[in-house]
Structure formats: structure tokens, C-alpha cells
Amino acid sequence: MAKISQSLSFTFRVGQASNQYCKVNLEVSEIDTELPLDAQLEKVNNTLDVIWQHMRDRIDTQIEEVLKEQESD
């Protein structure tokens, strides 16, 4: 039984400073290639939604802090 994983990631610059970046990465692993894919992904959809929202909220807060620091400089 072969297992695979799939990930999605992106990196973006934060603010005006050239050395401030943020990277977001989501991964689903242990996908069994011998079982129907839809059934496996259905099990993780709600969890991914919750994790994604948590990450977005956390990243937004950190970006706001970086931008405030830049404004005060």
C-alpha cells in the first residue's frame, strides 16, 4: 500500500522592507493510493478549514505588528 502526501505553500513579502517574508504551508499526508481519494479528503476538509482560518488570523496579526513597526521607524 503506497502512501503519498500533497502540500500547498506560498511565500509573500510583508511590508516595505525587502527582507521580511511570510510563508504559509499546508500539507495532507498519508494519503493511501489504494483507497478512494474523495473519501480520504472528505475526512480532512473540516480540519483543514479550521487550521487555515487559524493560520490566517495569526498571520494577519503578525503582519499588522510588522507594518506598525515600520510606520514608527
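1. Let's start with Glu30, which is exposed, with a relative accessible area of 55%. Here "exposed" means over 50% relative accessible area, "buried" means under 20%, and "partly exposed" is in between (1.4 Å probe, protein chains only). Before going on, a word on what you're looking at: this is a predicted model, where local features need pLDDT of at least 70, side-chain atom pairs count only at pLDDT 80 or more, and totals for chains, interfaces and linings use all residues. Residues are numbered from 1 along each chain as its sequence is written, and side-chain values use heavy atoms, leaving out hydrogens and water.

2. How confident is the predictor? pLDDT is its confidence in each residue, from 0 to 100. The protein has a mean pLDDT of 85, with 95% of its residues at 70 or more. Confidence is highest in strand 1 (residues 3-13), at 89, and lowest in helix 1, at a mean of 85. Strands (E, at least two residues) and helices (H or I, at least four) are DSSP runs, numbered from the N terminus.

3. Back to Glu30, and have a look at its partner. The structure holds one salt bridge, and it joins Glu30 to Lys3, with the closest N and O atoms 3.9 Å apart. Glu30 sits in strand 2 (residues 21-32) and Lys3 in strand 1, so the pair ties together parts that are 27 residues apart in sequence. To count as a salt bridge, a side-chain nitrogen of Lys or Arg must be within 4 Å of a carboxyl oxygen of Asp or Glu. Lys3 itself is partly exposed, at 42% relative accessible area.

4. There's also something to check in the backbone. Most residues other than glycine have a negative phi. Glu30 is not a glycine, yet its phi is positive, about 60°.

5. Now turn to the surface charge. Asp57, Asp60, Glu64, Glu65 and Glu69 gather in a patch of negative charge. Patches are made of residues with over 30% relative accessible area and no salt bridge; like charges are joined within 9 Å, and nonpolar side chains (Val, Leu, Ile, Met, Phe, Trp, Tyr) within 5 Å.

6. Glu71 is in helix 1 and is exposed, at 66% relative accessible area. How far apart are Glu71 and Tyr21 in space? They are 17 Å apart, C-alpha to C-alpha, and 50 residues apart in sequence.

Technical notes:
Areas by Shrake-Rupley, 256 points an atom, 1.4 Å probe, with all protein chains shown as cover. Lys, Arg positive; Asp, Glu negative; His and termini not counted. Charge placed at Lys NZ, Arg CZ, Asp CG, Glu CD. pLDDT = per-residue confidence, 0-100.
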